Amino acid sequence: MSGILIENLNVWFGEGHERVDAVKRASFEVPEGGSFGLVGESGSGKSTILRALTGMVPSWNGRMEILGKELGAKRDRSFYRKVQMVFQDPYASLHPRHSVDRVLSETLQLHGFGDIDRRVSKLLEDVGLGPEFRFRYPHQVSGGQRQRVAIARALASEPSILLLDEPTSALDVSVQAEILNLLTDLRRERNLTYLMVTHDLAVVSHVCTEIAVMQLGEIVELLNVDDMRNLRASHPYTSHLLRSSLGRRSESTEAESVSTEAG
Amino acid sequence: MSNLLDVENLWVRFPTRSGIFEAVRGISFSLARERLGIVGESGSGKSVTGRAILRLIRPPGMVAADRIDLEGKDILRIPELKMRDVRGQGISMIMQDPKFSLNPVMRVGDQISEAYLLHADTSKAQARTKTIEMLVAVSIRDPERVYNMYPHEVSGGMGQRIMIAMMMIPGPKILIADEPTSALDVSVRMQVLEIMDRLVRERGMGLIFISHDLNLVSTFCDRVLIMYGGKIVETCKADRLHEARHPYTKGLLNSLPRLDAPRDRLDVLTRDPAWRDQPSVSGML
Amino acid sequence: MSVSDPPNQGLRAWLLTDAPSSRRHARLAAWYQGWLSFRANPMTMIGFAILLFLVFIAAFAPWLAPHDPFAQDLAARLQPPGSENYILGSDGLGRDILSRLMYGSRITLYIVTLVVIIAPVAGLLVGTVAGYAGGWADVVLMRITDIFLAFPRLVLALAFVAALGAGIENAVLAISLTAWPPYARIARAETLTFRNSDFIHAVRLQGAGALRIITRHIWPLCVSSLVVRVTLDMAGIILAAAGLGFLGLGAQPPTPEWGAMISEGRRFILDHWWVATMPGLAIFTVSLAFNLLGDGLRDVLDPKEGSN
């Protein structure tokens, strides 16, 4: 059974003249327990796919399946128990006036768990935070620790699928390593399915085995991590991205700027 | 060879509720006609250093130094009014996000010519010609059209190139670039950096490139200062970065995931509290 | 706070901790840190002290007042301030102005408290629901708000009092009815900025309903800016109450309401200035105190400040 199946997904914003097609005919499949990366630059539509999956964008057509179940217009609570999301900016994804304890216990309560006290401690332990963090407010913890809290919140409902929206791009590199390790461990321990959105090819190659490259709302290339590491890309945009992310100076800046500047 | 900038024993302090916070703790470095990278993580004091040199730290923040010499003249002790000439003609700064550095209701061309007119005694028509030349210099192909655009009409990469044009037009001797590309997409990053790099070299300027990205800095700089906890923990030639000896620098390098070198787990940097107490390494030439 | 006081130091450290050990500890620490930044602003402390003083006077008026506020003494009418027995002078019926001001502070506090309970809560309710729901609910609720905003405040209050009859309760009601629309606008604007933020998305992804999101996640964030706005508006509320009193539509004679006192003193304003001036000064002082307090509260309650 596939974890996530997306077929001919179109997502747009606005109507009539103002209609903007954010995602065009996207199709991919993530096997259960797999990890899939969506790569692209800002405005390529990669985050929009996550938003469509979680029901935050109303206007879409095509087919989306989660664990073999087709998604309709509304998401019910059983969906949110299976699918959770970690947001990009840990400074924006935690309520500024709620303590860590309140964030986690409210989440557990919403999913109808009992034994909340024990579960909160367990969640904090799972993401590598000591009990001293439990009653802190977001402004009292660092960015990496906030992201751990956000991951703990996502894990609270014991989901099988995690959507990761650039989970480390707001963090320092040394903290990024910690969070990426944590995500790797969690996936192994819990057999989670990851769908990760990022612009950083090194990060995606570390976490994911399959990658889709998006440009201007379309998936231009699907490749696996070995192809990527060996720079075996067939689409010019993909090879351009790969070269830029290796930090190599491009041979002909001018020629390439044409294709990127057009958007 | 005379240095463009000498900074000796620079301290920046901010009073907080729980005492004085020392953002920069007694660092010394100098800048010749070279490209100097300052690398560190958030809170290391790298950005504060850049702002302190331009005297942009506002009270209650406090800046103290034995000297900050721009071509032998101490800019720490000149009046604020004269400081305005230093900013622009002496030292310019490019910030992280062009969206916040450009005035949204003014045409970009007018903003650039205004920067020129402030420091040069010429006519408007001449400033316009000069601006167009500058736009060409930052590889903007259609300068006449871009001149008349508003900031919201240009892309991030183009915006940052416009910022570079604006900062370069008064002819500064030193350019401070504070994370100039972290708000940009990967594919335009290189291009913007290359333009900046080319201009700095052509004009024989000094560049201080502040970034958290070790690889980027090592590609685009001659010399690197690595900051941690408000101090310089190590300084090295950029092409020798991989031979760095300080555990913090090594830790930073190893914690990066790499496309060409897969690993099951990334190395996690363990911070030694002793690093904070070690004396700052001098970055003087 | 001196170094010579170790137990106090221990408590202070306990309150300033970065790692609270229980829910109660965390809340107390947050309160204490708020109090510290509140205390750091001397102007705010002045405003706060004036208001504490006002509450004290209102609470102990019967013991503090030198005279009965209603006792008339026509032989000692219109005594100037500083004369024997009448520190702030006496009014046209020979009543002691100081005593009347002291008793009047109770009425002022009563009006202020009631308005503060009614108007911001109504505004918060309307504004957050409109902002969060959007669409038709937003249009309808905000147009109603606009209608209320379009009337001059005092005229609308006058109309209400005229319909309901004069008296303090009706004056309070009238003021509240004219005071809520700005709060609704603020609450809506705040809600719009939060409603698409990641932390609201995150709780929505936990399956939380609209009611829960509004009351438990959006309200706490709107309250701070409303509290600040209310304290800044307090001066206006006191003046509106005084205005109604002055027009004879608020508190009825012989109630020592400050606005009504000014109104009574109007007849003597040229020859016996103190009769109208003393209550005017009282209104001025209390309004100023609320404004100073509001400035300080803004520093404490602004969520962005919390990170510093």
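A quick definition before you click: two strands count as paired if DSSP finds at least two bridges between them. Strands themselves are DSSP runs of E with at least two residues, helices are runs of H or I with at least four residues, and both are numbered from the N terminus. As for the model, it is predicted, so to speak of local features a pLDDT of at least 70 is needed, side-chain atom pairs count only at pLDDT 80 or more, and totals for chains, interfaces and linings use all residues. Residues are numbered from 1 along each chain as its sequence is written, while chains are lettered from A and ligands numbered from 1 in the order in which they are written.

**Stop 1: the hairpin in chain B**

Select residues 5–16 of chain B, which are strand 1, and residues 19–31 of chain B, which are strand 2. These two strands pair in the antiparallel sense over 10 bridges, and they form a hairpin with two residues between them. Who faces Phe14(B) in strand 2 of chain B? Phe14(B) stands opposite Phe21(B).

Now look at the other partners of strand 1 of chain B. Strand 4 of chain B (residues 62–64) runs antiparallel to strand 1 and is joined to it by three bridges; show Trp11(B) and you'll find Ala64(B) opposite. Strand 5 of chain B (residues 67–70) also pairs with strand 1 in the antiparallel sense, over four bridges. There, Val7(B) has Ile68(B) as its bridge partner.

**Stop 2: strand 3 of chain B**

Next, select residues 35–39 of chain B. Is this strand buried or exposed? Five of its five residues are buried, so strand 3 of chain B is largely enclosed by the rest of the structure. (Buried means that 20 or more other C-beta atoms lie within 10 Å of the residue's own; exposed means 12 or fewer, partly exposed is in between, and C-beta atoms are placed from the backbone.)

Show the side chains here. In a regular strand, side chains alternate between the two faces of the sheet. In strand 3 of chain B, Arg35(B), Gly37(B) and Val39(B) point one way, with Leu36(B) and Ile38(B) pointing the other.

Strand 9 of chain B (residues 206–211) runs parallel to strand 3, with five bridges joining them. Strand 10 of chain B (residues 223–228) is parallel to strand 3 too, joined by four bridges. Center on Val39(B): in strand 9 Ser211(B) stands opposite, and in strand 10 the bridge partner is Ile226(B).

**Stop 3: zoom out on chain B**

Show the whole chain as a cartoon. Chain B has 11 helices and 11 strands. Its radius of gyration is 19 Å, close to the 19 Å that the globule rule gives for 285 residues, so chain B is as compact as a globular protein of that length. (The radius is taken over C-alpha atoms, and the rule is 2.2 Å times the number of residues to the power 0.38.) Along the principal axes, the C-alpha trace of chain B spans about 60 × 50 × 45 Å. Buried residues make up 45% of chain B.

**Stop 4: over to chain A**

Chain A comes to 10 helices and 10 strands, and 50% of its 263 residues count as buried. Pick out the open sheet of four strands, with order 2-1-4-5 and antiparallel pairing. Its edges are strand 2 (20–31) and strand 5 (69–70) of chain A, each pairing on one side only. Strand 1 of chain A (residues 2–13) meets strand 2 over eight bridges, with Val11(A) opposite Val23(A).

**Stop 5: where the chains touch**

Two residues are in contact if their C-beta atoms, placed from the backbone, lie within 7 Å. By that test, 30 residues of chain A are in contact with 30 residues of chain B. On the chain A side, select helix 6 (173–190), helix 7 (201–207), helix 9 (236–245) and helix 10 (253–261), the elements that give two or more residues. Helix 6 of chain A has the largest share, seven residues.

Last, turn to chain C: this contact takes 26 residues from chain A and 24 residues from chain C. Here, select helix 2 (77–82), strand 6 (83–86) and helix 3 (100–110) of chain A, which each give two or more residues. Helix 3 of chain A gives the most, with three residues.
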